[in-house]
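Here is a short tour of how the inside of this protein model is packed. Have the sequence and the 3D view open side by side as you read.

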Amino acid sequence: MAINSRAKGIRFERALCTLLTNMLGVPVTRNWKEQTAVGGYDLEGLPRFAVEVKACKDIAVNVWWAQTLRQAESCKRIPVLFYKPMQKPWVVVFQSELLAEDVAGHLVSTTLEAFVDLVRAKKLL
């Protein structure tokens, strides 16, 4: 990964941490130790979730989702992908089981605000 790409990723991770901290009322931080050591998930502070964060010009959800799943499986957490297309709002991707256990096997794509509402409603913190 190029230095500029890595720096951009860090900026977007920090920006998302600030948004989630403000929206959820819990401290969310970059998981830099885990990322550096073993390429783990990106954010700490959401104890049930393994969060992957992408800032992108070209969208590659399938590739990113595969990475998100691997990281979540290795730590037994719920996989969640946050990505931000250029000049557009954040998009959040997760498995449909998070909505209801009987609606399994699908990916759900929603807004950051809707995801935060879901986390609050289901008391997932």
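At 9% relative accessibility, Y83 counts as buried; the term "buried" stands for under 20% relative accessible area, with exposed over 50% and partly exposed in between (1.4 Å probe, protein chains only). Before going further, please note that this is a predicted model, in which local features need pLDDT of at least 70 and side-chain atom pairs count only at pLDDT 80 or more, while totals for chains, interfaces and linings use all residues. Residues are numbered from 1 along each chain as its sequence is written, and side-chain values use heavy atoms, with hydrogens and water left out.

**Y83 and its partner**

The rings of Y83 and W64 have centres 5.4 Å apart and planes at 50°, so this pair is tilted. Rings of Phe, Tyr and Trp (its six-membered ring) pair if their centres lie within 6.5 Å; planes under 30 degrees apart count as stacked, over 60 as edge-to-face and the rest as tilted. W64 sits in helix 3 and Y83 in strand 4, so the pair links distant parts of the chain, 19 residues apart; helices (H or I, at least four residues) and strands (E, at least two) are DSSP runs, numbered from the N terminus. W64 is buried too, with a relative accessible area of 10%.

**Strand 4 and its neighbours**

Seven of the eight residues of strand 4 are buried, so this strand is largely enclosed by the rest of the structure. Two strands pair if DSSP finds at least two bridges between them. Strand 3 and strand 4 run parallel and are joined by eight bridges, with C56 opposite P85 in strand 4. Between strand 3 and strand 4 the chain passes through helix 3 (residues 61–75), a right-handed β-α-β crossover; right-handed means that, with the strands pointing away from the viewer, the path from the first strand over the helix to the second runs clockwise.

Strand 4 and strand 5 are antiparallel and share four bridges, and F82 stands opposite V92 in strand 5. The two strands form a hairpin with five residues between them, and Q87 in the turn has a positive phi of about 60°.

W90 is found in the loop between strand 4 and strand 5. Beyond its neighbours within four places in sequence, W90 is in contact (heavy atoms within 4.5 Å) with residues including F12, L16, V53, F82 and Y83.

**The nonpolar cores**

A nonpolar core is a set of buried Ala, Val, Leu, Ile, Met, Phe, Trp, Tyr and Cys residues joined through side-chain atoms within 4.5 Å. The largest one has 23 residues, and L20, F49, F82 and F115 have the most contacts inside it. Helix 4 gives the largest share, five residues. A second, separate core of seven residues includes W64, Y83, V91 and V93.

F49 and F115 form an edge-to-face pair, 5.7 Å centre to centre with 65° between the planes. F49 lies in strand 3 and F115 in helix 4, so the pair ties together parts 66 residues apart in sequence. F49, F82, F94 and F115 form one aromatic cluster.

| Residue | Relative accessible area |
|---|---|
| F49 | 1% |
| F115 | 2% |
| Y83 | 9% |
| W90 | 9% |
| W64 | 10% |
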